[in-house]
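Hi everyone, thanks for making time this morning. I'd like to walk you through a structure that may be new to you, so please have a look at it with me.

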Amino acid sequence: MSNNDHSNHPHHNQDHSHHHIVSTKTALTVAGSLFFLTVLTVVVSRVDLGVWNFPVAMLVATVKALLVMMFFMDLIHDAPENSVIFGAGFLFLVIFFILTASDLFFRGNVYVKAGTPLVATSGRSSLKNPWISTPELVSHGKELFSQNCVTCHGPEGLGNGVAAAGYNPPPRNFHSQTGWINGRKPSNIFKTLKEGIPGSGMASFGTLPIDDRWALAAYVVSLNSERPASDTQEDVAKIGYDLKTGLAAGGARQEEKTIPIEFAIERMAVAEPAPAHGALGANERGFTSVGGQLYQARCAQCHGEHGEGGVRVRSLGGMPKAYITTAPLLANRESLKSADAFNHVVENGLTGREMPGSADLSGGELSELYTHVKWLAGQLH
Amino acid sequence: MSSTHESAYPVHHVGHHFNNASDEFEAAKQGMWVFLVTEILMFGGLFVAYGIFRGMYPEMYVEAHHALQMKMGALNTIVLITSSLTMALAVSATQRGKKQRAIGMMAATIFLACCFLVVKYFEYSHKFHEGLLPGAFYSNTEITNPKAPLFFSLYFMMTGLHGIHVLIGIGLISWMILRSLRNEFSENFYTPVELVGFYWHFVDIVWIYLFPLLYLVS
Amino acid sequence: MQFPNLMPIAATDAAVRWNSLYNFLLGISVFFFVLVIGAMILFIIKYRAREGAKTFYFRDHHFLEACFIAIPTILLLGIFGWGYSVYNSMMRPPADALEIHVIGKQWLWQFQYDNGRTTIGNLYVPLNKPVKLIMTSQDVIHDFFIPNFRVKSDVVPGMYTSVWFEARVPGEHQVFCGMYCGTSHSQMLAKLVVLNDQQWAEFQRGKKIGPQPDARLNLAAEDTTADPSEAQAATIEPVSLATQGRAVFETKGCVSCHSAGDPTHGGANIGPSLAGIFGKNAALQDGQTIRRDESYLRQVIEQPQSHLLKGYQQSVMPTFKGLISETEMNSLIAYIKSLK
Amino acid sequence: MSNATTAAHGDNYLNHEKGLWSWLSTVDHKRIGLMYMATVLTYFLIGGIFALLIRLELLHPTQTIMDANTYNRMFTYHGAIMVFLVVVPAIPTTLGNFLLPMMLGAKDVAFPKLNLASYYVYLAGGLFATASLFLRGADTGWTFYTPYSIRTSGTVILVLTGAFIAGFSSILTGLNFIITIHKLRAPGLTWSRLPLFVWATYATSIIQILATPVLAITLALLVMERVLRIGIFDPAIGGDPVLFQHFFWFYSHPAVYIMILPAFGVVSEVIPVFSRKPIFGYKAIAYSSFAIALIAFIVWGHHMFVSGESEFAAFLFSLITMFVAVPTGVKVFSWVGTMYGGSIRFNAPMLYAFGFLELFTVGGLTGVFLATLAVNVHLTETYFVVAHFHYVMVGGTLMALLAGMHFWFPKMFGKMYSESCARVAWFLILVGFNVTFFPQFILGAQGMPRRYWSYLPEFTLLNQISTVGSWLIAAGFLFTAFYLIKALISGEKAPSNPWNALTLDWQTPSPPPHDNFPVTPIVTDWPYEYRPDGAIVPIQGAAPLPA
């Protein structure tokens with residue numbers, strides 16, 4: 001450094017002897033207090049103070065922070081404006097938190113609270129003695145039939161709809177007299193509509209209104225040249241139809257409601273350690289493919305991370321304490337034999353087995369999911 | 001140390017826009033305070049997210065925090081407080097012109113910071129092993145609260161950002177040691193050391209809050 | 001082209017209350033605008049620089065400044081109170097409101113009624129009955145916006161939001177998606193169809209409701225004593241199948257992704273264009289060729305993943321199985337046939 | 001001092017050192033200000049071209065020139081570039097950098113090297129953001145709302161990184177200015193003698209310091225969402241998308257005051273000079289800047305009235321928002337009050353100040369509509385909002401930037417521009433602006449949502465009027481660029497104080513010497529002492545000026 005330069009800056013090396021220096025003694029005392037307070041906060045956290053645990057922990061932390069600020073950072077000997085500046089940082093942080101909380105902690109619960117039905121539908125039928133066929137009922141049923149059934153059962157109910165080829169067993173021919181698994185009476189058909197026929201392509205049409213289901217039953221019965229026996233009161237009672245109140249099937253409220261799939265899963269799955277499948281990398285495929293992500297989001301909670309099953313699933317219906325345990329997703333399952341069968345199960349769910357339907361999935365998502373589940377099934381031996 | 005004052009210390013030049021060194025020092029110090037305010041608010045975003053989710057899912061926090069090793073956290077708190085102490089002593093040593101002592105204290109600070117990171121490394125690898133990973137990668141089967149991945153997202157973001165600050169602090173203190181060795185500081189000029197000290201104490205303050213928030217939920 | 005109305009029609013009582021508040025704000029704004037800008041122009045002219053003119057000298061005027069603070073404060077508090085009371089009535093549905101579930105997804109609206117019916121693109125509600133929409137989204141944030149009712153709410157994945165209204169004007173009301181949600185955001189439209197008692201009863205029994213006149217045309221007939229069969233009569237005029245199909249094409253959201261090759265008709269290009277495809281051969285992803293006839297169209301509408309066209313890696317089209325009636329399917333196919 | 005003697009011989013900051021490197025490595029606040037100006041104007045050009053393309057696309061209800069995906073990218077980049085790279089830094093980094101030390105009578109900002117560093121940080125941020133344009137681009141909108149911004153493909157991370165980095169530039173500039181104002185005022189320049197531009201810049205800097213770090217952490221978390229799927233803002237993993245909106249608006253609402261407060265400062269300087277009268281209500285204007293800065297932090301939730309926000313929060317935020325209008329009103333009334341009884345001259349800066357008042361008044365009054373809870377429900381997310389914030393940001397900030405650029409152009413470059421050209425351009429821009437954006441208020445009230453690539457046929461006419469207006473604005477800006485560049489090359493030499501203004505920045509030669517002032521000035525009075533007889537009293541600055 002040249003002297004010339006030097007002379008241009010006559011004030012260099014102004015000493016600031018007025019500046020306060022933290023003494024070693026002060027520093028050690030402060031550190032000691034900090035150690036003590038650390039131990040104190042750990043000890044206090046072990047004592048149950050109810051709601052006061054958190055404020056006490058924060059109070060201790062704030063005292064510690066203040067000690068560091070005042071003595072290590074020597075704010076007590078600094079210009080007061082610096083304290084104001086630093087304090088402003090904390091002040092605005094508090095503002096940030098309080099106003100954000102004013103939203104998130106005060107959100108009205110738009111949706112019905114847990115324990116009440118998610119969709120307030122009445123399971124009540126507006127028809128009197130709905131199992132008795134009337135011409136109006138049949139014609140309404142015919143309309144519904146053309147909307148809901150013809151794809152599989154064909155326009156005349158011969159079991160020859162466009163999608164029939166994909167199903168084994170094939171869709172029912174309503175003109176035949178034999179082979180009806182649940183029987184041919186209106187109440188039997190109502191039951192089939194309500195629950196579907198597990199193991200076949202017949203899904204539950206429980207989402208249809210009760211009157212519509214009775215209308216469909218009446219229409220299907222009318223297709224057959226040979227009329228079945230009429231329903232007795234016992235038949236109607238057997239499917240849970242309450243003659244006095246007109247409420248369909250005990251716990252109709254639960255039966256009727258449709259809830260979003262995420263809710264269903266959240267409410268059903270029970271924490272139960274899944275069997276270890278250490279050899280399978282959980283994330284190899286898990287998050288890389290669309291199907292894998294869908295599986296993780298919607299299926300893994302009940303079927304296990306790798307489709308290994310063994311998870312206890314709570315029943316949502318009339319027996320909230322009952323459980324079923326899921327089986328492994330093995331490749332020889334009916335539902336995994338064809339994409340159609342798989343889609344059917346996923347879209348409509350399996351009534352009576354607590355499997356909720358996911359009708360909101362797009363075709364692309366379904367096929368991705370199918371690929372992933374097939375892959376998972378292939379990994380299970 | 002050389003006997004002639006002028007030649008021993010490289011002269012620090014006061015900026016041409018300042019009247020004198022004292023003004024420059026005060027300006028630099030206040031600049032640092034303002035900078036620390038921005039740091040408060042940057043960490044603040046994470047603290048607010050933490051607070052909001054804690055308010056919404058308190059039982060999840062209680063359940064999830066058991067996976068953290070409180071002893072490790074407490075140990076790290078002690079380590080970091082000690083490093084704050086050594087840093088404070090390093091600053092006052094520099095202010096008194098005691099170069100050797102200052103360098104020793106700063107080296108101790110770096111050593112403690114490294115200890116902190118080593119403990120952190122063990123904690124992290126334990127979490128990885130247990131599948132206690134942030135968000136979508138969460139694969140732990142013991143803590144099954146559906147919101148638990150959020151806690152670990154926050155844990156990793158908060159301690160991660162803090163860890164980055166510790167790393168930066170190690171770099172800054174090393175630089176200060178280097179400049180001390182080059183005799184750039186004296187009892188008349190020690191601004192950089194004092195400012196790095198502020199930074200380091202701030203890192204300590206953040207941890208003072210992180211410790212009870214993450215490890216001592218009840 | 002006629003100059004459009006300045007405001008959409010007010011089709012609920014809340015919208016009428018909203019209008020009075022809005023008009024008040026408009027009046028007050030015009031007043032202050034004229035006050036400030038008028039004073040500015042007056043001063044500009046009166047005190048423009050002239051030779052030898054002396055300027056005034058004053059630095060401040062405490063009373064005037066106090067007025068600058070006090071008068072706006074009082075006014076603003078009043079506006080706030082009025083705004084909050086209208087907002088409050090818009091937010092609190094009556095307990096007996098009919099609940100309908102709304103699901104937003106890229107890029108269509110799906111409505112679920114408590115009788116189990118599901119519709120896409122058309123939301124049917126009864127006239128003069130409070131309706132509460134319980135809304136959620138399947139993917140990203142959408143926003144359900146009915147200008148004629150002055151209500152709007154974001155539709156957020158992972159939570160439920162709601163709006164409510166009591167429609168006073170029958171007919172079709174436009175619904176927009178107000179929150180940017182991706183490529184076809186501007187085509188994520190829906191119609192809110194307000195039905196009179198008779199139509200509503202039919203709808204609940206599962207009947208199909210034909211297209212209704214635009215609610216703006218119905219405003220004159222707001223009188224609810226009007227014979228409901230008149231509105232009915234307007235809808236049973238014979239309409240060609242292809243024209244009906246065009247309506248299906250719009251209401252079911254097809255138009256969000258498929259171009260109809262009709263430049264006046266919008267249509268994005270997420271999926272293949274449908275113009276002039278009927279009866280022609282098309283190459284599939286797996287190398288095969290397929291003739292695009294009626295059964296092909298039906299199949300891909302019901303199971304979009306069944307035939308992937310060459311150039312498409314995967315199908316993002318949702319399945320319409322069960323969401324589209326046979327009649328609608330037929331008219332839709334007739335419409336696609338008619339496209340050149 | 002050697003500087004004092006050389007100054008008389010034409011040594012100024014422009015020719016003090018020569019060569020490109022002397023510019024790129026300069027720590028002179030004036031040169032850094034000009035570098036910022038060049039960069040900001042470049043980004044303004046890019047963002048402006050996007051705006052024209054957006055308007056062109058909306059000429060017809062359906063596709064006009066581009067498909068929906070391109071359109072979505074266009075408005076995203078228009079918004080992101082205009083907000084993060086143009087309007088936020090526009091006045092503080094260009095005029096602020098150039099003028100703040102001069103108005104304080106200082107030789108430079110407190111940390112000159114940091115100042116240069118923040119320029120390069122800003123440049124790097126801008127390059128990151130624009131680089132993504134050449135890859136797949138981002139279509140999130142400048143607001144980056146989750147979960148769309150988490151799911152959509154494209155180079156969102158690059159844009160986020162760009163905004164993140166540019167944010168740090170903003171923080172460092174704010175820090176620098178605060179310390180400069182605290183520590184580097186000339187002798188006698190007490191707080192009550194500070195020019196109002198300095199007050200406004202000070203309030204702006206405080207917001208930059210307190211709000212921008214939250215943007216940084218928000219964007220960093222969003223990057224983490226995309227990279228690590230942490231799920232804090234992603235409902236699919238249990239997070240809350242509305243929380244993101246709180247984080248985002250905690251910065252972005254105060255950010256609109258980062259944009260508009262410096263504009264208030266510029267207008268507060270221009271109006272008294274051209275009215276030849278003391279500013280009316282000096283204290284009211286100065287304190288109202290602070291009131292606005294403070295209230296700015298506690299109103300962000302009014303962007304979210306329909307987002308699913310709680311009614312309680314909506315109540316609070318709407319109530320507090322109303323109070324923003326009070327200090328803003330005080331300012332507007334005070335400016336008009338300053339004109340009362342003045343001797344008003346119609347130079348280009350004053351014309352732009354008139355334009356500012358007109359546009360800002362409309363923008364401010366429509367802000368009251370949006371602050372009113374029930375009214376907001378219908379108007380938010382429609383073109384009404386688009387028109388409102390363009391009236392405030394373009395009509396306010398850009399008009400003030402133009403006022404400031406015309407006001408200080410002679411000081412910066414020592415050249416005069418053509419006054420008649422400036423008037424033509426002013427007319428084009430003002431008329432074009434109103435034609436473009438006023439119809440959008442009506443569109444919004446009718447219910448046309450924003451960010452629509454296609455629209456219902458009934459909205460056609462107003463959209464077409466708006467598009468035609470955008471061409472007028474473009475013509476105005478092109479013409480401005482033309483005559484300002486012409487003035488740079490062959491403009492008349494400017495005197496040191498062409499407008500007879502009183503602030504310290506005018507009490508030094510044009511262009512200023514390297515160290516700003518030949519001798520450190522000593523301040524004895526406030527900077528608005530315009531006497532009724534029009535006499536110019538050299539109130540500030542100790543050095544006699546060269547003739």
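Let's begin with how much of chain C is covered: 44% of its 340 residues count as buried. Please keep in mind throughout that this is a predicted model. Chain C holds eight helices and 12 strands. If you take the contacts in chain C with a separation of 6 or more, 64% of them are between residues 24 or more positions apart.

Now, let's go to some strands of chain C. Please find β1(C), residues 98–105, and β2(C), residues 108–112. These two run antiparallel and are joined by five bridges. Together they form a hairpin, with two residues between them. If you want a landmark, look for C:G104, which sits opposite C:W109 in β2(C).

Next, a sheet in chain C. This one is open and has five strands, in the order β4-β10-β9-β6-β7, with mixed pairing. Which strands stand at the edges? They are β4(C), residues 122–126, and β7(C); each has a single partner strand, so one side of each is left without a neighbour in the sheet. On average, neighbouring strands of this sheet are turned by 25° against each other, direction ignored.

Let's move on to where chain C meets chain D. The contact takes 74 residues from chain C and 76 residues from chain D. On the chain C side, α1 (13–46), α2 (62–91), β6 (142–146) and β7 (151–155) each supply at least two residues. α2(C) gives the most to that side, with 15 residues. By class, the chain C side divides into 49 nonpolar, 16 polar and nine charged residues.

My last stop is inside chain D, with two helices: α4(D), residues 68–104, and α7(D), residues 156–183. Their axes come within 11 Å and cross at roughly 20°. The cut-off for roughly parallel is under 35 degrees, and α4(D) and α7(D) are therefore roughly parallel to each other. The crossing is left-handed. Among the residues that meet there are D:F84, D:V88 and D:G96 from α4(D), and D:A163, D:S170 and D:F177 from α7(D). What classes of residue make up this contact? It has 14 nonpolar, five polar and no charged residues.

That's my tour, and I'm happy to take questions.

Definitions and conventions:
Residues numbered from 1 in each chain as written. Chains lettered and ligands numbered in written order. Predicted model: local features only at pLDDT ≥ 70, side-chain atom pairs only at ≥ 80, totals over all residues. Pairing = 2+ DSSP bridges. Helix = DSSP H or I, 4+ residues; strand = E, 2+ residues; numbered from the N terminus. Contact = placed C-beta atoms within 7 Å. Nonpolar A, V, L, I, M, F, W, Y, C, P; charged D, E, K, R; others polar. Buried ≥ 20, exposed ≤ 12 C-beta atoms within 10 Å, placed from the backbone. Axes fitted to C-alpha atoms, helices over the stretch in contact; angles between N-to-C directions. Parallel < 35°, antiparallel > 145°, perpendicular 65-115°, else oblique. Left-handed = near helix turned anticlockwise from the far one by under 90°.
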